[in-house]
Amino acid sequence: MTKTKTLLALALIGVCATASARGDIEMLARTCNGCHGVGGVSVGLSMPSIGGLPKEYLRNIMKQWKYDERSAITMNRIVKGLSDDEIDALAAHFAKQRWVPAPQQASAALLAKGKSAISENCEDCHGFTGSDPDVDAPRINGQWAKYMELELAKYRDPRFKMPHRKMKKAAQDMKPAEVPAAAGYFGAQDK
Amino acid sequence: MQTLDRRNFLKAVSGAAAASVLTVPQSFAATAKARVVVVGGGFGGASAARYLRLLDPGIDVTLIERGTRYTSCPLSNEVISGERDIRTLQAGYNGLARRGVKVVHAEVTQVDPVNKTVATADGQSFPYDALVMAPGVDLDYSAIGGLTEELAETRLPHAWKAGPQTLLLKKQLEAMPDGGRFIISVPKAPFRCPPGPYERAAQVAMYCRHHGKKKAKILILDSNDSFSKRPLFEEAWKALYGYGQGGMIEWVSGATGGIVEQVDATAMTCQTTFDDHKGDIINIIPPHRAGKIARDLGLATLKGTWCEVRPESMESTAHKDIYVIGDSCVGGELATGNGFPKSAHMANSQAKVVAAALVARLNGLPPPVPIYTNTCYSVVGHDWGFSVVHLFRVENNKWVYVAKGSGISPVTFGTKEKPLPVPRSYRKMEVAYADGWLRNLLADSFA
């Protein structure tokens, strides 16, 4: 065996050792793919892409669901079966994936309406195109608009427990027609 | 310091790939280290083939499936009511072929577990190192007097395998007169898609309500005494269509005469232990058992009906190197009544377990710790849906149902002290999530 090959092999054994220690989290993360897509890249309009979202954000929302600090439709049930360590590992796992925007078509009128709505309510925390979020906020450029509309509906409905005060206030300040416009605007962004 | 020969070097390379989905350099992946044959291209089989290639491109994977296009059973009740185009539920096998799966469209006639080969009707033979069986369910027409497979394809469609019969049942519904009666006969559990018959009743009722058939009746003749997501279904039926006495939907339990024993396709009646019922449409879902090819092979070790498997790997308890996943297998915490539901998502989850277990085994790596999950949505109205989730772990080589990570959508909102009705907006969101779930599940299995 040549020296290069031996070195490569040794490097790979290193990878292998780390990988087998991580094996279980990979197995667990794969169960998320059924609804959120491989690597957390969703192809279902109502289901969010989660690959490449900030670790802090992912960990926070999963723990909030687990401890009933935040309403959800399905996720609050699922995460109750996970340990805090598993939640941390899942958050780290998906945060490491590449964010793959799915830019969706939107009419010029909707984009214009969306742009004005987001500059008032969203830009501060998520950035002008949704790709430059604060530490506790997700990226939303090219996130599914349908998903964002559903999420905004939760923030706007007092019967849903949504713990992020700033987000709640921003969502509730929006006029009804601004909701699909803002969602459509961010959904259309590729970068 | 230990040096590696070529064989172990390959192991190391693909072991890394197995665990972290690295791309194996083409030159290393060129020699197949093992041949895995997958029989059956539904959600389970397709997912198994896909994940085997994703986790280790060095494995040679052959998928044998009769059909060239698959139709999802999940959400196919929406096709019957006209809410959904059947094409949105279909997937072909090109995605798997692009991932390097050898897709063979043929009928499997025999498996030889000693010489490890699979034979197909067209005379081909496929040797394997490991075999994944995902044949789905067979419907036992002989269990109901007067019922035949031919009748199911013409007058009495079960529409329990989505496809032509789904469209036939839809046509029958469209032609049903106002005041007509739609009978659904539910087999003894376990059967594929536990909430399916009850979702179907709702979809039929929705169609009738919106298409000038307000006097229609849907009669569910059940061989069982309760059913999946029951409080959720009953709430929705009551609110949307009327349920019970005078309502559009009526449910008869097994104990009160719901077990259909005989059907007469000419008189259009079905006979239960108690009574005769006349229907304009009789939708008999026959009892289920593991696919014939699995039973022929002796894999159906549970009452000759279902295939028992090992929790850590899904390997058959009857034959070494043969794994059974999907609706044919039985697993979960059976002692507490928390068996694996026979669902698409469950099959997809089992496929991931079998793929990881096989990749580890074929690479000489320690077996991974499995985890099984299920999510299943039911859509009962334009703006009303709900779901169930399941989580199973494996402890001491046994499945453990994790109640904390499982359960149905809430029946009430608010607090225990001050319960409130669940907002309609909440139920409506589940309709949207159902669609997103199905699209991702199809992609995670076939893309």
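## Basis of the description

Residues are numbered from 1 along each chain as its sequence is written, and chains are lettered from A in the order in which they are written. In this predicted model local features need pLDDT of at least 70, side-chain atom pairs count only at pLDDT 80 or more, and totals for interfaces use all residues, while side-chain values use heavy atoms, without hydrogens and water.

## The two domains

Chain B comprises domain 1 (6–138 + 289–366) and domain 2 (141–286), with bounds from an automatic or database domain assignment. Over C-alpha atoms, the centres of the two domains lie 32 Å apart. Domain 1 brings 20 residues to the contact and domain 2 brings 21 residues; contact means heavy atoms within 4.5 Å.

## Buried area

Between the domains about 1700 Å² is buried, 62% of it from carbon and sulfur atoms. Buried area is the accessible area (1.4 Å probe) that the two parts lose on being put together, summed over both. On the domain 1 side, B:Asn77, B:Ile80 and B:Lys342 supply 37% of the area that this domain buries against domain 2, more than any other three residues.

## Salt bridge and residue classes

One salt bridge is counted between the domains, the term meaning a side-chain nitrogen of Lys or Arg within 4 Å of a carboxyl oxygen of Asp or Glu. The side chains of B:Asp327 and B:Arg192 form a salt bridge at 2.6 Å, N to O.
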